[in-house]
Amino acid sequence: MTPKNIGVWAAVDALPAADAAKFVRSVEAAGYDTLWIPEGMGREVFGASAWLLANSTTITIASGIANIYARDAFSAVASRRTLNEQWNGRFMLGLGVSHVPLVEGLRHSQYGKPVPTMRAYLEAMEQAPYGAPMPSKMGPLVLAALGPLMLALARDKTDGAHPYNSMPEHTAEARGILGAGKLLCVEQAAILETDPPKARALARQFLQIYIGLPNYVNMWKRFGLTDADMAGGGSDRLVDTVVAWGDEAAIRRRIDAHLQAGADQVCVQALGPVVGGMCAPDLKLLQLLAPGA
C-alpha cells in the first residue's frame, strides 16, 4: 500500500459516534484515502476503527497511535488481523509507546525504556498465534517514531514510521534513517487562520498537553528549540515550527516541505474549534486540501 500524499488526522473523540460516521464519509467523499485516529483518554482505538470502517467503503483507517500499554501483543495481532480480514485490508496499525504521564499516571503501569520495550512487543507480535481466518489483504504496520533509535527500529521491524508534532527537518532525518521503500506518514497540525494572534492562540491550546511530554520536547530540542520556547504556553517560534497556519497556500507550502523532505503522506490535522478539550476537525480546510481540489 502506498497512500496518497495527503491524508487526514482527526481527533474523532471530539465527535459523537453518529457525527464521526458522517465525518469519515465526508473525508472519503472528498477523495482522501487514509484517516488517522488517536488513542488517548477517549475511545479504544480498535473499536473506534471498526465503527469508522463499518461506515465507509474505500478509505483506510489508521491508528495514530495504538498504545502498546493498553493491550498485550497477542491482542494487537488479533485486532489487526480481525479488522483487515473483515474490511479487506483497510486497517493500518500504528503502534506507539505513548508517554510517561499517560502510562504511569493514567494507567498505573510501569513505563519501560521506549526502544527495548517496543522491540520486545514487536517480537512478541511475531510469535503470537492466531486461530481465525487470515486476511487476504493486510494493511501496513508503522511505529510512532521521533528519535533516531525508534526510527531505526521502525525500519528494521515494520513497514515504516508515523511521526507526530514534527517538522520538515525531522522528516528529512527520518527518511534518511528509514531509507527507500519504507512508509513515512507525517502528522501536520494546521489552522486555516491568517490573523497571527488568533492562529497562535488556537495553536497554543492544541500544544498545551504536548509541551509537558518529554518525547516531544526532546525531539524539538534536537532541532534547535530551547527550554525558553516551552515556557509560557510556548513561544511564537515553537508554535510556528510545529503548527502550520495561515491561508491555504501557506498550509500547502508546509505540506510540500514535508513531501520534498521525503514524506510519503502528510496526515493533516485540521484544527477547528475546541470541543470538550479537543480541537474538532475543520471541514473547510480539509475540503480545500482534498485530493483533486
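1. Glu44 has a relative accessibility of 38%, so this residue counts as partly exposed. Please keep in mind that the model is predicted. The salt-bridge partner of Glu44 is Arg71, with the closest N and O atoms 2.8 Å apart. Glu44 sits in the loop between S2 and H2 and Arg71 in the loop between strand S4 (66–67) and helix H3 (73–86), so the pair ties together parts 27 residues apart in sequence. Arg71 is buried, at 13% relative accessible area.

2. A salt bridge joins Arg43 to Asp13, and their closest N and O atoms are 3.6 Å apart. Asp13 belongs to the loop between strand S1 (6–9) and helix H1 (17–29), so to speak a distant part of the chain, 30 residues from Arg43.

3. Helix H12 (residues 248–261) holds a pair of its own: Arg252 and Glu248 are four residues apart there, which means about one helical turn between them. Their side chains meet in a salt bridge of 2.8 Å, N to O. Arg252 is partly exposed at 25%, and Glu248 is partly exposed at 27%.

4. Now the largest pocket, with a volume of about 1,200 Å³. Among its 46 lining residues, His99, Tyr164, Tyr210, Leu213 and Tyr216 are the closest to the centre. H9 gives the largest share of the lining, six residues. By type, the lining has 27 nonpolar, 15 polar and four charged residues.

Definitions and conventions: Residues numbered from 1 in each chain as written. Predicted model: local features only at pLDDT ≥ 70, side-chain atom pairs only at ≥ 80, totals over all residues. Heavy atoms only, no water. 1 Å grid on protein atoms, 1.4 Å probe; cavity = no way out; pocket = protein on both sides within 12 Å on 5 of 7 lines; lining within 4 Å. Points joined across faces, edges and corners; volume = space filled by probe spheres on them. Helix = DSSP H or I, 4+ residues; strand = E, 2+ residues; numbered from the N terminus. Nonpolar A, V, L, I, M, F, W, Y, C, P; charged D, E, K, R; others polar. Salt bridge = Lys/Arg side-chain N within 4 Å of Asp/Glu carboxyl O. Buried < 20%, exposed > 50% of the residue type's maximum accessible area, 1.4 Å probe, protein only.
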